[in-house]
Amino acid sequence: MSDQSTALSRRGVLRAGLAGAATAAGGAALAQAVASNAKPDPAITEVQDWNRYLGPGVEAAPYGKPSKYEKDVIRRNVPWLTAGTESSINFTPIHELEGIITPNGVCFERHHGGVAEVDPAQHRLMINGLVDKPLVFTMEDLKRFPGRFSKPYFLECAANGGMEWKGAQLNGVQFTHGMIHNVWYTGLPLSALLNEAGVKARGKWVLAEGADSAAMTRSIPMQKALDDCMVAWAMNGEALRAEQGYPLRLVVPGWEGNMWVKWLRRLEVGDEPWAQREETSKYTDLLADGKARRHTWVMDAKSVVTNPSPQKPLKHKGPNVLSGLAWSGRGSIRRVDVSIDGGKNWRQARIDGPALPLCLTRFYLDIDWNGQELMVQSRATDSTGYVQPTKDALRKVRGLNSIYHNNGIQTWLVHANGETENVEVS
Ligand code: MTE
Ligand code: CO
């Protein structure tokens with residue numbers, strides 16, 4: 001991985017001047033026409049094993065797994081990124097997924113001290129600090145507390161795309177954009193628990209603390225805590241996975257993933273932020289003048305074409321469906337535009353299904369590819385009217401020191417043979 005990345009960053013790429021490319025019908029067919037004198041196709045004429053023999057019985061898979069032919073649909077890490085796997089990232093294979101819900105087994109995982117294996121019977125959630133009545137909940141208490149509901153949200157790590165700040169580096173959308181998942185959560189409104197404890201008038205902040213070895217802690221403004229935060233124990237219909245914070249995690253819709261404290265064990269109400277490690281030396285952005293941006297919680301609108309991308313080259317001339325994901329922490333996705341010529345011309349993409357607020361949104365662009373080089377980009381506009389910026393525009397404001405909150409427009413260069421690589425245009 002490191003060799004490949006260095007090679008790519010050196011290549012850097014400046015390539016403009018692509019012709020209008022790939023709009024004329026190439027004449028290639030969508031399926032093979034069957035000629036009467038065609039050679040027999042064994043996929044049709046031979047009886048296959050699965051058609052001939054009994055398959056395994058129901059007891060073979062008490063908990064189902066994907067087909068063995070889907071073995072490449074897995075999380076992957078970037079070994080050089082972190083010193084060890086306990087404080088690391090395993091990226092979502094977004095180039096292999098359809099629709100908007102991320103299956104539980106491939107949700108990216110990010111932990112600072114490994115996966116805590118918490119016994120739910122021993123797990124407690126404490127609420128203390130500036131409250132009328134400090135409280136302790138067991139998991140059973142939470143599950144019978146009135147007000148339970150379910151809702152889908154994206155979670156994006158603030159560091160998603162962080163390795164791309166200085167230039168195109170990683171050759172795969174899984175690595176450039178895969179610190180994201182979109183899950184249907186079940187749990188309680190955080191406001192219900194805070195109201196039960198009774199927040200004192202001076203209580204303007206909540207400190208969320210995890211039970212893992214990192215004991216991760218983040219300060220959350222009371223307004224957000226009471227607005228739409230959730231305390232969740234289920235994802236996509238089943239208990240949270242251990243790596244996603246089993247048995248309990250905080251959901252902070254639209255805000256950076258680091259605040260979504262996993263293995264949530266304590267909520268302290270205070271009158272000012274705590275200035276913990278994760279909100280001072282980390283998750284702040286050092287600007288060129290030496291000042292740092294802090295409290296940069298919201299994830300701004302962003303999008304990326306997942307297919308084609310370096311791990312999913314174009315294989316056929318003629319009709320092809322470009323596909324991708326868009327999201328915004330400030331609302332819903334209003335439109336996505338796609339360019340195949342490096343940003344000179346744009347076409348409005350087709351949005352698939354309802355564009356839910358604070359959720360991944362799937363888009364498509366049907367193209368007819370004649371085998372010309374393409375520079376594929378996507379640009380999201382959200383319900384506030386905000387338009388996803390170019391990487392150059394971001395760097396102008398934020399300098400080159402940043403890691404977090406890189407929502408710049410991604411470019412994929414599709415070569416004539418369909419191979420696709422991570423590049424930048426300027
Ligand atoms: N909570 C605890 N207790 N410990 C952690 O290391 N990592 C945070 C956050 N919550 C973390 C945590 C970070 S940086 C992110 S991006 C998200 O969890 C990742 O959530 P995921 O593992 O479900 O993808
Ligand atoms: Co993170």
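Me: Which strand gives the largest share of the shell around ligand 1?
Reply: Strand β2 (residues 109-111) does, with 3 residues. A strand here is a DSSP run of E with at least two residues, numbered from the N terminus. This is a predicted model, where local features need pLDDT of at least 70, side-chain atom pairs count only at pLDDT 80 or more, totals for chains, interfaces and linings use all residues, and side-chain values use heavy atoms, without hydrogens and water. Residues are numbered from 1 along each chain as written, with chains lettered from A and ligands numbered from 1 in written order.

Me: Which residues come nearest to ligand 1?
Reply: A residue is near if one of its heavy atoms lies within 4 Å. Of the 21 residues around ligand 1, Phe 108, His 112, Asp 212, Arg 249 and Lys 262 come nearest.

Me: How do I read the polar contacts?
Reply: Look for a pair of N or O atoms within 3.5 Å. A polar side-chain atom of Lys 262 is 2.5 Å from an oxygen of ligand 1.

Me: How much of ligand 1's accessible area does the protein cover?
Reply: The protein covers 100% of the 530 Å² that ligand 1 has on its own, by the Shrake-Rupley method with a 1.4 Å probe.

Me: Where does ligand 1 sit?
Reply: Ligand 1 sits in the largest cavity, meaning that more than half of its atoms lie within 2 Å of the cavity's grid points. A cavity is a set of points, on a 1 Å grid over the protein atoms alone, where a 1.4 Å probe fits but cannot get out.

Notes: Polar contact = N/O pair within 3.5 Å; in protein donor to acceptor, adjacent residues only side chain to side chain. 1 Å grid on protein atoms, 1.4 Å probe; cavity = no way out; pocket = protein on both sides within 12 Å on 5 of 7 lines; lining within 4 Å. Helix = DSSP H or I, 4+ residues; strand = E, 2+ residues; numbered from the N terminus.
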